[in-house]
Amino acid sequence: MVTRRASLSGEQLDHMRELLLDREHELQHELSAEEHAADIEDERGDEGDQANSAMRQEGAIQVRCRESRELQLIEEALRRLESGGYGRCEDCGGEISLPRLRAKPFAEFCLPCQEKAELRGRRVDAPDDD
């Protein structure tokens, strides 16, 4: 498949780059803060306190996994921006709509391909659980 540049203007591409970089910075900061908080988590207390702490830690792990995946998707989107493939579906090669990119700047797939993948049980563009 030949990678063609999506029909986004230079201004639109710059705006998407800004959104991606801002979110990347935000996620890096959140992940760093969460790691620091996990390092100082106090596991003293009775069994109820320890169980509560374990549940909080499990929830924090799930959030970190989702944020790490989003960070990975953002880094991949930034690489596509640099290589000229940003805004093109990784499956069919068609354009990803601008409204979809605005909602999810790291989107790898157009909406029809995303929906097909989800119907097949494949999770793509996953960080949407917020």
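The stops run from the whole chain to single residues and their partners.

**Before selecting anything**

This is a predicted model, in which local features need pLDDT of at least 70 and side-chain atom pairs count only at pLDDT 80 or more, while totals for chains, interfaces and linings use all residues. Residues are numbered from 1 along each chain as its sequence is written, and side-chain values use heavy atoms, with hydrogens and water left out.

**Stop 1: the whole chain**

The protein has four helices and zero strands, and from the N terminus on its elements run α-α-α-α. Helices here are DSSP runs of H or I with at least four residues, strands are runs of E with at least two, and both are numbered from the N terminus.

Of the 130 residues, 34% count as buried. Buried means under 20% relative accessible area, exposed means over 50%, and partly exposed lies in between (1.4 Å probe, protein chains only).

Contacts give another overall view. A contact means heavy atoms within 4.5 Å. Among contacts between residues at least 6 apart in sequence, 59% join residues at least 24 apart.

**Stop 2: the nonpolar core**

Select Leu20, Tyr86 and Leu101. These have the most contacts inside the largest nonpolar core, which has 22 residues. Helix 1, helix 2 and helix 3 each supply at least two residues of this core, and helix 2 gives the most, with six residues. A nonpolar core is a set of buried Ala, Val, Leu, Ile, Met, Phe, Trp, Tyr and Cys residues joined through side-chain atoms within 4.5 Å.

**Stop 3**

Select Leu81, which is found in helix 2. Is Leu81 buried or exposed? Leu81 has a relative accessible area of 5%, so it counts as buried. Leaving aside its neighbours within four places in sequence, Leu81 is in contact with Leu13, Arg17, Leu20 and Tyr86. Leu81 and Arg17 are 64 residues apart in sequence, while their C-alpha atoms are 7.5 Å apart in space.

**Stop 3: Arg17 and Glu82**

Arg17 is partly exposed at 25% relative accessibility, whereas Glu82 is exposed at 59%.

A salt bridge is a side-chain nitrogen of Lys or Arg within 4 Å of a carboxyl oxygen of Asp or Glu. Side chains of opposite charge can pair when their charged atoms come close. How many salt bridges does a search of the whole structure find? The search finds seven.

**Stop 4: Arg80 and Glu90**

Select Arg80 and Glu90 next. Their side chains also form a salt bridge, at 3.8 Å from N to O. Arg80 lies in helix 2 and Glu90 in the loop between helix 2 and helix 3 (98-103), 10 residues apart. Arg80 counts as buried at 9% relative accessibility, and Glu90 as partly exposed at 42%.

**Stop 5**

Begin with Arg23 and Glu26, whose closest N and O atoms are 2.4 Å apart. Both lie in helix 1, three residues apart, about one turn of the helix. Glu26 is partly exposed, with a relative accessible area of 37%.

Then centre on Glu70 in helix 2. Glu70 is buried, with a relative accessible area of 6%. Its side chain makes a polar contact with the side chain of Arg23 at 2.8 Å. A polar contact is a pair of N or O atoms within 3.5 Å; within protein, one must be able to donate a hydrogen and the other to accept it, and residues adjacent in sequence count only if both atoms are side-chain atoms.

**Stop 6: helix 4**

Select Cys113, Gln114 and Ala117, which are buried in helix 4 (residues 111-119). They lie on the same side of helix 4 because they cover an arc of only 105° around the axis. The arc is that of the directions from the helix axis to the C-beta atoms. What covers the buried residues of helix 4 includes helix 3.
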